[in-house]
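Here is a briefing on one protein chain. Keep the sequence and the 3D view side by side while you read.

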Amino acid sequence: MSFRRASMRRALALPLALALGVVGVAVAVEGRAPVPAAAGTARPASAPDGVVHFVRTDERLVAFTFDDGPGPATAAVVDRFRAVGGRATFFVLGLQAERYPGLLARIAEAGDEIGNHTYSHTWASRLSAAQLASEIARTDEVVRRATGLSPRLFRFPGFISPPGLVKRVQAMGYTVVGGSVDPRDWTRAATAAGVARHVLDHVFPGAIVVMHDGPDAREATLGALAIALPELRARGYRFVTVSELLREGSP
Ligand SMILES: [Zn+2]
């Protein structure tokens, strides 16, 4: 039990720090309503902002997620997960997807999941609700054209998720996804060893790991996966999509 509580504290530290630091008191005060759990289904162990950051489970499951692609590194990320018999989730940008439509098809054919990360990566704090809805619809259309699939997951750019817009996106039928392990692989100082170490030190059953397969080459990210995935598999972890994690998790 103490392990679980410690994990949850770690898991909440990132989204709470981001929420409090970036969008201020509004999130802390207005975002406390828990996400209701339907009987017999997994209960997302969401942070107070209504965003799914991890799931409660005793199974060694972890969902790796990749933002801001597709891009030059996407195919290699897909291959890394094939090599360990797992799946990942890609929160794609419509703008990038238009550049690389073949990669969307490759993600889908591999059984990996595609989520929506807006069209242009404009932060939600700079968008009206109507503009955000338009960004989401435009990206969905690109994904549908390339794969025939409609994303059911959404992640806000920059993790800026104003409570009113979270509700709006949920009302559009999306599960809003955050993350609980953030190795900051996008920073210029990121190294493969450092990113892998962060993931290995912070992962826990039900965690959602935030990484990036775009928009450019992702050497530290790819190097980190080559180190971390075999080690996690040796620890007994299975790599699942976010939707699989939501189905497997339990209260
Ligand atoms: Zn992003």
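**Around helix H6**

Just after H6, Gly148 takes a positive phi of about 80 degrees. Helices (H or I, at least four residues) and strands (E, at least two) are DSSP runs, numbered from the N terminus. This is a predicted model: local features need pLDDT of at least 70, side-chain atom pairs count only at pLDDT 80 or more, and totals for chains, interfaces and linings use all residues. Residues are numbered from 1 along each chain as its sequence is written.

- H6 covers residues 129–147, which is 19 residues.
- From first C-alpha to last, H6 reaches 27 Å, close to the 27 Å expected at 1.5 Å a residue. The expected span is 1.5 Å times one less than the number of residues in the helix.
- Leu132, Glu135, Ile136, Thr139, Asp140, Val142, Val143 and Ala146 of H6 are buried. They cover an arc of only 160 degrees around the axis, which puts them on the same side of H6. That arc is taken from the directions from the helix axis to the C-beta atoms.
- A residue is buried if 20 or more other C-beta atoms lie within 10 Å of its own, exposed if 12 or fewer, and partly exposed in between; C-beta atoms are placed from the backbone.
- An α-helix has 3.6 residues a turn, so residues three or four places apart point the same way.
- Ala130 and Arg145 are exposed on the other side of H6.
- The cover over the buried residues of H6 includes strands E2 (89–92), E3 (113–116) and E4 (153–154). It also includes helices H4 (94–99), H5 (101–109) and H7 (163–171).

**Confidence and overall make-up**

- The mean pLDDT of the chain is 84, and 80% of its residues reach 70 or more. pLDDT is the predictor's confidence in each residue, from 0 to 100.
- Over residues 1–43, pLDDT stays under 50. The model has 49 contacts beyond four places in sequence for this stretch.
- A contact means two residues whose C-beta atoms, placed from the backbone, lie within 7 Å.
- The chain has ten helices and seven strands.
- Of the 251 residues in the chain, 48% are buried.
- Take the contacts between residues at least 6 apart in sequence: 78% of them join residues at least 24 apart.

**Strands E1 and E6**

- E1 spans residues 61–69. Eight of its nine residues are buried, so E1 is largely enclosed by the rest of the structure.
- E6 spans residues 207–212, and six of its six residues are buried.
- Ala207, Val209 and Met211 point one way from E6, while Ile208, Val210 and His212 point the other way. All of these are buried.
- E1 and E6 run parallel and are joined by six bridges. Two strands pair if DSSP finds at least two bridges between them.
- Val62 stands opposite Ala207 of E6, and Phe64 stands opposite Val209 of E6.
- E1 also pairs with E2 in the parallel sense, over four bridges. Phe91 in E2 is the bridge partner of Asp67.
- E1 pairs with E7 (residues 238–239) in the parallel sense too, over two bridges. There, Arg238 is the bridge partner of Leu61.

**Nonpolar core**

- The largest nonpolar core has 61 residues. Such a core is a set of buried Ala, Val, Leu, Ile, Met, Phe, Trp, Tyr and Cys residues joined through C-beta atoms within 7 Å.
- Helix H9 (residues 219–234) gives this core its largest share, six residues.
- Val62 and Val209 have the most contacts inside the core.
- Beyond its neighbours within four places in sequence, Val209 is in contact with Val62, Ala63, Phe64, Thr65, Gly179, Val181, Val199 and Val203.

**Backbone points to check in the loops**

- The peptide bond from Gly69 to Pro70 is cis, with omega near 0 degrees. Pro70 is in the loop between E1 and helix H3 (74–83).
- Gly214 and Pro215 are also joined by a cis peptide bond, with omega about 0 degrees. Pro215 lies in the loop between E6 and H9.
- His121 is not a glycine, yet its phi is positive, near 65 degrees. His121 lies in the loop between E3 and H6. With 17 C-beta neighbours inside 10 Å, His121 counts as partly exposed.
- Arg184 is not a glycine either and has a positive phi of about 50 degrees. Arg184 sits in the loop between strand E5 (175–176) and helix H8 (192–202). With 14 C-beta neighbours inside 10 Å, Arg184 counts as partly exposed.
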